[in-house]
Amino acid sequence: MNEYELRALCELEEWKFSLIKKSGILNRLSKKAQTKVNSLIPEKAHQIITDSIKNMVKATLVGSNIITKKKQEVGRTLEEKDTKFYEKLSSHKKTAVIEGAGTGAGGLFLGLADFPLLLSIKMKFLFEAATIYGFDTNEYEERLFILHVFKLAFSSDDKRRETLLIVENWEERKSRILEMDWREFQQEYRDYIDFVKMLQLLPGIGAAVGAYANNNLMEQLGKTAKNAYRMRILNTAPKLD
């Protein structure tokens, strides 16, 4: 293990510690209120939302897998992979910021288009991150891992800790995880982004809020993806062609 990898290991420990810490009081109060609101929504409506988001996510998974360039240079060091990863993250953040500003400026009507557009940017980014770190997204288990990385980035305290354990022990856990809990997946994601995205719909400040929110959401996803793949690489190197 070289000096760069040792430093990455230290950063990994700091990141894991940050994930198991309690969120701020505002986030916890917001989650409590959202849980209360969710309990008032009829079960039929929950099922419709779950099915809609499940189908939306599955469509973006298929599309992202098709358009992601799979061939990567063999023998890259972790430092070289990280450098490539930062380039991709920067590019996707710019796209997300433009998208957030555009839909935010459009008020309620264009705001409705923000959810699927941002979701597709995030999924495309995660596919490219997996490929950069040497994992084959043609394999079902790698697409399932991507969904867990996504969930780890956008969950409440309890679910984040549960998901961290799964991601951290992926090689042991993956054979027991056959499918996502889509109800939990969509609810955690919606609850996480609801507050900032609600502000995006306000006239006059929507564009600024949309750009700022999307930048932060991509930053959060990027940090999570980088550390999730670093964790796997530093535990077990992926197969190389």
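**Figure 1. Contacts of Glu-168.** Leaving aside neighbours within four places in sequence, Glu-168 is in contact with Lys-16, Met-231 and Asn-235; contact means heavy atoms within 4.5 Å. The model is predicted: local features need pLDDT of at least 70, side-chain atom pairs count only at pLDDT 80 or more, and totals for chains, interfaces and linings use all residues. Residues are numbered from 1 along each chain as its sequence is written, and side-chain values use heavy atoms, with hydrogens and water left out. Glu-168 lies in helix H7. Helices are DSSP runs (H or I, at least four residues), numbered from the N terminus. Glu-168 has 26% relative accessibility, so it counts as partly exposed. Buried means under 20% relative accessible area, exposed means over 50%, and partly exposed is in between (1.4 Å probe, protein chains only). Glu-168 and Asn-235 are 67 residues apart in sequence, yet their C-alpha atoms are 9.5 Å apart in space.

**Figure 2. Packing of H7 (residues 157–168) against H10 (residues 206–235).** The two helices pack at an angle of about 35 degrees, with axes 10 Å apart. Axes are lines fitted to C-alpha atoms, for helices over the stretch in contact, and angles run from 0 to 180 degrees between N-to-C directions. H7 contributes Leu-164, Val-167 and Glu-168. H10 answers with Ala-228, Met-231 and Asn-235. By class, this contact has 4 nonpolar, 1 polar and 1 charged residues. Ala, Val, Leu, Ile, Met, Phe, Trp, Tyr, Cys and Pro count as nonpolar, Asp, Glu, Lys and Arg as charged, and the others, Gly among them, as polar.

**Figure 3. Helix H6, residues 140–153.** H6 has 14 residues and reaches 20 Å from its first C-alpha to its last, close to the 20 Å expected at 1.5 Å a residue. The expected span is 1.5 Å times one less than the number of residues. Of the 14 residues, 11 are buried, so H6 is largely enclosed by the rest of the structure. Among the buried residues are Leu-144, Leu-147, His-148 and Lys-151.

**Figure 4. The crossing of H6 and H10.** The axes come within 9 Å and cross at roughly 130 degrees. H6 and H10 are therefore oblique to each other. Angles under 35 degrees count as roughly parallel, over 145 as roughly antiparallel, 65 to 115 as roughly perpendicular and the rest as oblique. From H6, the contact is made by Glu-142, Phe-145, Ile-146, Val-149, Phe-150, Leu-152 and Ala-153. From H10, Gln-220, Leu-221, Thr-224, Ala-225, Ala-228, Tyr-229 and Arg-232 take part. These residues divide into 10 nonpolar, 2 polar and 2 charged.

**Figure 5. Helix H10 along its length.** The 30 residues of H10 should span 44 Å at 1.5 Å a residue; the end C-alpha atoms are 43 Å apart, which agrees. Of the 30 residues, 21 are buried, so H10 is largely enclosed by the rest of the structure.

**Figure 6. Two residues in the loop between H3 and H4.** The loop runs between helix H3 (43–67) and helix H4 (78–105). Thr-68 is buried, with a relative accessible area of 5%. Not counting residues up to four places away in sequence, Thr-68 touches Lys-124, Phe-127, Glu-128 and Thr-131. Thr-68 and Thr-131 are 63 residues apart in sequence and 8.2 Å apart in space, C-alpha to C-alpha. Arg-76, at 17% relative accessibility, also counts as buried. With the residues up to four places away again left out, Arg-76 touches Lys-81, Lys-84 and Ile-132.

Note on methods
A crossing is left-handed if the near helix is turned anticlockwise from the far one by less than a right angle, and right-handed if clockwise.
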